[in-house]
Amino acid sequence: MESGNNNQDMLEEYTLKQTKATLSAFVDAIIPRSEELAKEYGEIQYFGALDLLVDEYLYITLNEYQPDLAEATVEMLNAAAQRLVSRVENKKPLNLSEGGLFASLAPSDRLLAIALLKKYQYSSSHLLYPYENIFYNVVDNLIRLTMIGYYSEWFGYGTTRLLQPNNRVLEFYPLSWNQIDYPGPTPPRQLAMIES
Amino acid sequence: MEKDFDVIVIGAGGGGAVVAKELCDKGLRVLVLEAGAWYGNKKWPKPNSEPGEKSSSSYEDLSIDILNECFTDLEDDMNSLISGKFRWGPANRQKEPWKRLVAHGGFTWQNAGVGGSTLHYLGNHPRAYPTSVNQVWPITYDELIPYYEKVEQLLPVTNAPAVAKEDLFYYGASKAGWSQHDTKNVTTPGYRPQPNAILRRGQSYQFPGEGLHEYTNYGCTLRGHCINGCHIGPTVDSVAKRSTFTNYIPFALLTGNIEIRPNNFVIQVLTEKDNNGDLQAIGVISKDTWTGETTQLRADIVVMAAGTIETPRLWLNSNLPENPWVGRGLVNHWFDSVTGIFEESALMEAIGSPNIRPFSGQNAAARFDYPGWGVLELFGCSPALYSTLGYASSDSGFFFENKVGDKPWDYEGAIVGDLLKEYMMNYQRTLNIVIFTDDEVNQDNGVTLDMHEKDENGYIPIIRYHASQKDRIKRDNLATLASNILRTAGAKTIVRANWSPDIYIHLMSTMRIGLVTNTQCEALQVKKLYIADNSVLYNSLGGPNPTLTTQALATRTADNIFDKYFAPQA
Ligand SMILES: Cc1cc2nc3c(=O)[nH]c(=O)nc-3n(C[C@H](O)[C@H](O)[C@H](O)COP(=O)(O)OP(=O)(O)OC[C@H]3O[C@@H](n4cnc5c(N)ncnc54)[C@H](O)[C@@H]3O)c2cc1C
């Protein structure tokens, strides 16, 4: 019994680690940290989805839609990475880690893995088996959600960002709005006072 | 069992609110059952976290203060498909959204709530193209005109004002050799200010309700949140963007003949055989979305206005008679998006300003009509939705997978990585054009039930749509036209998204007039059951935004119902 429980715990922990690593790898590929842009256009352009914790947004939003959808999505991304690697279609070396195969791909190769999934969207294919049902509704939405998480007010909920939507309070305007010169809703919404 | 009301209307959205108000005007007692929340009503001060009361029948219940609290202008809060206040789901945001299966990673963008999908719509109200109605529909364009006029006056519809993005669009279209339209009945290509239902500052408008309702200081302030829910105005019924919860619903309340119950999902239409052995509607079963309690209600007439997906779903879940067109023939204008990025110098030359500021002004205040192909609509809004519409949705994969060759755009596909950040850095200098294709009806496209999966409201819908080769050609033509306008206006870089056909924004024609209903919009196989939403449209109207035509038909349907079943015998 006891060892079973421990295994369960370990497995859960491992899965959680992989979930975080994989979703982080995903959002990082879509909206990266950019040294080049920072050099050319100013420091603020360095920051990307990881800095705005968009992986958390993805995680809670997917699971709000359907319990365990985030975990299933991670499995699917890892399966796609596996196919990419076994077809030797990755262009850069792997950086193997316990975060799973998708997270071990270079960011540009992660995009290739996603592209591989997308290509098979119209044909029922072994590539997708047994993820067809998840895939049916998720891949394009992952990209959209990443952009919503990054360019909407979400990060500005600050310490309340992980609460139920009814309980979130806007504490500041997200840094992504500065990056793109969006002044925010006018006149500015009342921001919460935070005790410091 | 005795009847509870003269008429029950299912759904308080674009069409349902209209048929309800028109019937109230004729003195009938109407019950509206709406699956979603009611924003801006004292009986539901916290519509997303507390169940509130059961129903409202009084104009005095409306509250602009509550509306102001609910509509926050924030994109994730308002428009998240999963937990937003505008979503297809119950008012209680602690619950999951209602499930639908959409092929290929697509989604349906519809709202539950009093106002329905007009809560976040952009208020654009063009008429159908006459050539897409005459000799195609089972009724003529001329028959629609008096109803168009009535709705246009009530909403009211006016020409949208221009700010920088519209100026730039007109500049490009005119310089490319096109001329401006000055008609509501469009038969040739040309551009024009958007005919929309957004009150302008200082526009005179006669609010119903004699004397009491003379407001000053109403009208659009051009702050750019149409899509996130307009709450600009001194009262709910004078809010600038004329979603049906700001006009038809308040005006119906003023008649004293209506009761509206939000948070009520109709799960079955009840029927029985009349003396002649014909099936007729006699009522509905409705479920409280907070408590799960069900109620049976009876009326002489039932009107389905649950929208293009839920009306056929409800028909099928109610086991109403088979008809090869129920749920079939779905069209969606197979959207696309073409985005132009400008340099300051080009903008200075075109409009004398270094920025476009796509987040200011009305969200879609100019258009280009091209009968035979479809529509171009100028679009701008707050950045999260803007980035997803322009850059996140593509049927061609990522930009780096596609060679554009001699096409008039520079990139095709989803934009991600550093390039996305760079383009978004130019957000202030970006002009987006959305494409609506005049797509063809195909009986294979539409809504069926997933017989393996139920939610609390019945079997869930599966939505399928394949575009035709003709649709593809029209859409490519429109993308070329949009690119030419942008390039002529001075755009440096042009991105064509090439959206998947499985993004559903204008859903139409799954219960087509003449095939599922007669020309009066009464179901052919079930008497006393009418349809008054986008599903009853015969086709995609040639491309124009659907709501005005649905509302014109709903107004006509109210006349039909009254004349057939309630008018005093001569
Ligand atoms: C972003 C966006 C912008 C748009 N802009 C425009 C525009 O500018 N112009 C335009 O013409 N169109 C626009 N549209 C489309 C427009 O929203 C629809 O044309 C219009 O709302 C359709 O009206 P309807 O009555 O068919 O459905 P809806 O407005 O969706 O109303 C259906 C109602 O029925 C309720 N309901 C569903 N099932 C049940 C049930 N079983 N029991 C009880 N209630 C139920 C729903 O909750 C909903 O309130 C836009 C759409 C989107 C997504």
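1. Helices H3(A) and H4(A) are roughly perpendicular to each other, a label given to angles of 65 to 115 degrees. In this predicted model, H3 spans residues 54–65 of chain A and H4 spans residues 69–86 of chain A, and the two pack at an angle of about 115 degrees with their axes 7 Å apart. Axes are lines fitted to C-alpha atoms, for helices over the stretch in contact, and angles run from 0 to 180 degrees between N-to-C directions. Helices (H or I, at least four residues) and strands (E, at least two) are DSSP runs, numbered from the N terminus.

2. On the H3(A) side, the contact (heavy atoms within 4.5 Å) is made by A:Tyr59, A:Leu62, A:Asn63 and A:Tyr65, and on the H4(A) side by A:Leu69, A:Ala70, A:Glu71 and A:Thr73. These residues divide into five nonpolar, two polar and one charged. Here Ala, Val, Leu, Ile, Met, Phe, Trp, Tyr, Cys and Pro count as nonpolar, Asp, Glu, Lys and Arg as charged, and the others, Gly among them, as polar.

3. The ligand is surrounded by 36 residues, of which the closest are B:Glu34, B:Ser117, B:Asn124, B:Asn534 and B:Thr547; a residue is included if one of its heavy atoms lies within 4 Å. By class, the shell holds 15 nonpolar, 18 polar and three charged residues. Strand S9 (264–273) and helix H8 (307–317) of chain B each supply at least two residues of this shell, and the largest share, three residues, comes from S9(B).

4. Most residues other than glycine have a negative phi, and most peptide bonds are trans. A cis peptide bond, with omega about -10 degrees, joins B:Leu155 and B:Pro156. B:Pro156 sits in the loop between helix H5 (141–154) and strand S5 (158–159) of chain B. B:Asn319, although not a glycine, has a positive phi of about 55 degrees, and its place is in the loop between H8 and strand S12 (336–341) of chain B.

5. Residues are numbered from 1 along each chain as its sequence is written, chains are lettered from A and ligands numbered from 1 in the order in which they are written, and side-chain values use heavy atoms, with hydrogens and water left out. As the model is predicted, local features need pLDDT of at least 70 and side-chain atom pairs count only at pLDDT 80 or more, whereas totals for chains, interfaces and linings use all residues.

Key:
Angles under 35 degrees count as roughly parallel, over 145 as roughly antiparallel, 65 to 115 as roughly perpendicular and the rest as oblique.
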